[in-house]
Amino acid sequence: MNNQLVFATNNFHKLEEVRNILDNKFKLLSLKDIACMEDIPETADTIEGNALLKARYVAQKYGYNCFADDTGLEVPSLDNAPGVYSARYAGDSKDSNANIQKVLEELEGKSDYSARFRTVIALIINEKEYMFEGIVNGTLIKEKRGDAGFGYDPIFVPQGYNQTFAELGSDIKNKISHRSAAVNKLKHFLLTKNV
């Protein structure tokens, strides 16, 4: 296999995180690198569906082997919401503070604050599709703590820790996160399968 892969993202931090996990064994290109400037639609009603939409878009329109990810925060007390709508939970502006506020308001009066982050990666190589999932379980807290991270990180305490993702910092988060779990499965697949 040609070890050039497109990661269907324009998020520089996400790209660097994934490059580090893949140990530069693959030439990882971003959407910008292939001159894809479109806002790829994420209209599926599942995390898996959104990851596949993005990967298929790049594979079909640009002809590259590629992968895409989608992530959601799932809260059992809220019927696994916000889930696929995590980024836009409080509206299309993708305002993290408003999203956090909405989740905490909906949890008021509930006793179960357990939650999990789930990332799904859809990989398309030689027109074949593969899926990889990463999950980290934890608990939500009622007030934001920490300055690192993004999204719901300031209120999410991963299992086995007493600090939020936003307090733990990127080195620890990248070792234990849902995305790193999914990317490590992807890496193992790419290095061991003859695709």
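User: Hi! In E3, which residue is the bridge partner of Phe7?
Analyst: Phe67 is the bridge partner of Phe7 in E3. E1 and E3 run parallel and are joined by two bridges; strands pair if DSSP finds at least two bridges between them. Strands (E, at least two residues) and helices (H or I, at least four) are DSSP runs, numbered from the N terminus. Bear in mind that this is a predicted model, where local features need pLDDT of at least 70 and side-chain atom pairs count only at pLDDT 80 or more, while totals for chains, interfaces and linings use all residues. Residues are numbered from 1 along each chain as its sequence is written, and side-chain values use heavy atoms, with hydrogens and water left out.

User: And in what sense do E1 and E2 pair?
Analyst: Strand E1 (residues 4–7) pairs with strand E2 (residues 27–29) in the parallel sense, over three bridges. Val6 has Leu29 as its bridge partner in E2. With helix H1 (residues 12–21), E1 and E2 make a right-handed β-α-β unit; right-handed says that, with the strands pointing away from the viewer, the path from the first strand over the helix to the second runs clockwise.

User: Switching topic: how many disulfides are there?
Analyst: The count comes to zero, taking a disulfide as a pair of cysteine sulfur atoms within 2.5 Å.

User: Is Cys36 buried or exposed?
Analyst: Cys36 counts as buried, at 0% relative accessibility. Buried is under 20% relative accessible area, exposed over 50% and partly exposed in between (1.4 Å probe, protein chains only). Cys66 counts as buried too, at 0%.

User: OK, the core. Which residues touch the most other members of the largest nonpolar core?
Analyst: Those are Leu73, Leu140, Tyr152 and Phe156, out of 21 residues. A nonpolar core is a set of buried Ala, Val, Leu, Ile, Met, Phe, Trp, Tyr and Cys residues joined through side-chain atoms within 4.5 Å.

User: Where is Tyr152, and what does it touch?
Analyst: Tyr152 sits in the loop between E6 and E7 and is buried, with a relative accessible area of 5%. Leaving aside neighbours within four places in sequence, the contacts of Tyr152 (heavy atoms within 4.5 Å) include Leu73, Pro82, Tyr89 and Phe117.

User: How far apart are Tyr152 and His188 in space?
Analyst: They are 28 Å apart, C-alpha to C-alpha, and 36 residues apart in sequence.
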